[in-house]
Amino acid sequence: MKREVEYSIRLGEVDRYRHKHIRVSGKIVHFRVQFETLIGGKWYPVVRYDTSHGFAHRDLINRKGEVRKTPVFIYDYNDALTFAESDLRANWEIYKERFLKE
């Protein structure tokens, strides 16, 4: 059975966490979790974890939209998603500070 979950959580006045995952028979088969900040009326992605290239990875994004991709060496997508969620919720302010300084 396929189940898709998608939601967004406000982290502050101008910050949010967006989450999407697809689960089949209890196993995550795809996910994307992203921290975004609002600048001048536009949402900018700051950091994203996803499986869009066939492996779990983190994208650090700068204000120009340039992406630095880092593999996440957790091959079970259930565990990789848990790691990604924990990292973004614990460190979003650090990621935002880096993004604004670049």
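**Aromatic pairs and the sheet-helix arrangement**

Five aromatic pairs are present in the structure, a pair being two rings of Phe, Tyr or Trp (its six-membered ring) with centres within 6.5 Å, counted as stacked when the planes are under 30 degrees apart, edge-to-face when over 60 and tilted for the rest. One of them joins Phe31 and Tyr77 in an edge-to-face arrangement, at 6.1 Å centre to centre and with 85 degrees between the planes. Phe31 belongs to strand β3 and Tyr77 to helix α1, and the two are 46 residues apart, so that the pair links distant parts of the chain. Phe31 is buried, with a relative accessible area of 1%, and Tyr77 is buried at 16% (buried is under 20% relative accessible area, exposed over 50% and partly exposed in between, with a 1.4 Å probe and protein chains only). The rings of Tyr49 and Phe83 are also edge-to-face, because their centres are 6.0 Å apart and their planes stand at 85 degrees. Tyr49 is in strand β4 and Phe83 in helix α1, so this pair ties together parts 34 residues apart in sequence. Tyr49 is buried, with a relative accessible area of 2%, whereas Phe83 is partly exposed, at 38%.

The model is predicted, with local features requiring pLDDT of at least 70 and side-chain atom pairs pLDDT 80 or more, while totals for chains, interfaces and linings use all residues. Residues are numbered from 1 along each chain as its sequence is written, and side-chain values use heavy atoms, without hydrogens and water.

Six strands form an open sheet in the order β1-β2-β3-β4-β5-β6, with antiparallel pairing. Strands pair if DSSP finds at least two bridges between them; helices (H or I, at least four residues) and strands (E, at least two) are DSSP runs numbered from the N terminus. β1 (2-12) and β6 (67-71) are at the edges with a single partner strand each, so one side of each has no neighbour in the sheet. The twist from one strand to the next averages 20 degrees.

Strands β3 (residues 27-39) and β4 (residues 42-50) run antiparallel and are joined by eight bridges; Val33 stands opposite Tyr49 in β4. Five bridges pair β5 and β6, also in the antiparallel sense, and His57 stands opposite Pro71 in β6.

The charged end of Arg16 sits over the ring of Trp43, 3.9 Å from its centre, where sitting over a ring requires NZ of Lys or CZ of Arg within 6 Å of the ring centre and within 35 degrees of the ring normal. Arg89 lies over the face of Tyr17, at 4.9 Å from the ring centre.

Note on methods: Axes are lines fitted to C-alpha atoms, for helices over the stretch in contact, and angles run from 0 to 180 degrees between N-to-C directions.
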